[in-house]
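Okay, thanks for making the time, everyone. Let me bring the structure up on the screen, and then I'll walk you through a few spots in it.

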Amino acid sequence: MREANFTQLCNTTTLLVANDSYPGPEIRASRGDTIFVNVHNQGNYSFTIHWHGVKQPRNPWSDGPEFITQCPIQPGANFTYEVILSDEIGTLWWHAHSDWTRGSIHGALVILPAENETYPFPTPDFEQTIILESWFNRDYKQIIDQTLASGLLPPEPDAYAINGHLGDTTGCPNDTLFRMQVQYGNTYLLRIVNAAMNEEKFFAIMNHTLTVVARDASYVQMFTSDYILISPGQTMDVLVVANQNVGQYYMATRPFSDGSAPPVDYITTGVFDYINSMGGLNASFITLPAENDTNAANNFTSQLRNANVTQNPPLDVPADDEINTRVYIAIAGNTLPCDPSQCVQGFRLAASMNNVSFALPRIDILQAYYNMSISGVFTEDFPLNPPELYDFTGDLTSLNTAAVQGTRVVMLNYGDGVEIVLQATQTGPGGSHPIHLHGFSFYWVGTGSGNFNNQTDPTTYNLVDPPLINTVHVPGRSWVALRFFANNPGVWFMHCHFDRHASWGMDAVFIVRNGTTTETSILPPPPGMPTCPSS
Ligand code: C2O
Ligand code: CU
């Protein structure tokens, strides 16, 4: 990793990137592989790398979130991550996990079937990775540092990108369309990653039907759609057949914003380009859902069903009587007081889970937990089911003003059946949240609008074929329910994958205690863990 120059939007920007490229290099592996990645920091500031969606069984040491499982890799230092794949299959990604640095440091992680294993769908002739990104004409770390200092909203991105390309409508000569060359009659597997900083995205290819086959590196029952919705953090595997008249067709992506349109309607285009096509781009433009089309967003996500119902390994959805830990989490934007000489009117924008606005410690929680001699880093009192936040009938919005800062964790016993209900308390822009959990994929068993009702809503759960995912879209003023077995000992971060919300404190940490055997306990730390500047 080091700084490199990129000319986009008629402007040259210096960004910290991997292998001098934006997006960074693609990592390809097979199911069950272990990957060693040696990261050299030749840049000007520290960072860490996270392997988004990789469960890292018993190996939180290589999970990556800064000050959660490790100290940052300082300039001049290096660290070798051991990325242990288990049942993941399909597309995941990797990204920096410190400040907003993931805006420039990210890439795809492609996990192919193991030897003698085939796809449970028509074998594609070719595949293509599609990374949706936010583009800023500034260093990403500076943006968040200045935003947090101001206490105000971060700037809107200057553009969006597909695989680093900003499209052909910017008016700047260096900006180009991403072109995907296709041959008539072939089937393509698109490996789509939403790496945008703060925006959920619609994506479509004009005149072509998309067949969704996997989400977050787990197969889903195939379904077709004219467009997809993909939230930051999520990955999706999609088949598309080049079966239209030979020609050039736009592919396009546009942000989705719950309940109201963002200030600017950004459409970013690329080209689905048939070999031997004559003439220019097909003039009739893409049909994408409108930016505020909440129904289109919900209709798409409601079609996801787990494909592994009759296959191996069988689903392990915790049944009602196997749930021994229930966690209800109200997620909200708030404000916190700040020094009036530094911020407007004495308060700053913040965000919280159960009114706890997460404060990053100075030493990573994993180290403090593992070496019990380090104290004062975190407390074990995250409010699991605060009645004042969860009266199930009240207007939650009015309760969001009381947030306090803290580094409070949820303790789980090894093997616990866990249900988490996430309640989004607000609507409108910033009202929906892509919530990501490290260390696990969870079954997304239910969703509904309004406040969660613990008597009636559980009767609507899908315990038959719930999708197994790592990042769930919680629509504005709605709830989602997740279940999983806590069978991965370690320290695991959960946070909104809108980076502005995560930096404001919309985060929580789960610690899964060791089981009774070595095989159910955290692995010993690898050599060369980075040390914290203060320790
Ligand atoms: Cu994609 Cu905590 O990250
Ligand atoms: Cu959020």
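So, start with W135: which residue is its bridge partner in β10? It's A159. Keep in mind throughout that we're looking at a predicted model. W135 belongs to strand β9, residues 126-135, and β9 is joined to β10 by four bridges, with the two strands running antiparallel.

Now zoom out from that pair. β9 and β10 belong to an open sheet of six strands, and if you read across the sheet the order goes β10-β9-β12-β17-β14-β15, with mixed pairing. Which strands sit at the edges? Those are β10, residues 159-162, and β15, residues 218-225, and each of them pairs on one side only. If you ignore direction, neighbouring strands here are turned by 20° against each other on average.

Okay, next stop is β25, residues 417-424. How much of this strand is buried? Seven of its eight residues are, so to speak, tucked away, which makes β25 mostly covered. Let's look at its pairings. With strand β20, residues 325-337, β25 runs parallel, and seven bridges join the two. One pair to click on there is I329 with its bridge partner in β25, L422. Then there's β30, residues 478-485: β25 and β30 pair over seven bridges, this time in the antiparallel sense.

You'll find P525 in the segment after β32, which is 507-512. Is P525 buried, exposed or partly exposed? It counts as partly exposed, because it has 16 C-beta neighbours inside 10 Å. And if you want a sense of where that puts P525, take M506: the two are 19 residues apart in sequence, and C-alpha to C-alpha they're 28 Å apart in space.

That's my tour, so over to you.

Note on methods: Residues are numbered from 1 along each chain as its sequence is written. Chains are lettered from A and ligands numbered from 1 in the order in which they are written. This is a predicted model: local features need pLDDT of at least 70, side-chain atom pairs count only at pLDDT 80 or more; totals for chains, interfaces and linings use all residues. Two strands pair if DSSP finds at least two bridges between them. Axes are lines fitted to C-alpha atoms, for helices over the stretch in contact, and angles run from 0 to 180 degrees between N-to-C directions. A residue is buried if 20 or more other C-beta atoms lie within 10 Å of its own, exposed if 12 or fewer, and partly exposed in between; C-beta atoms are placed from the backbone.
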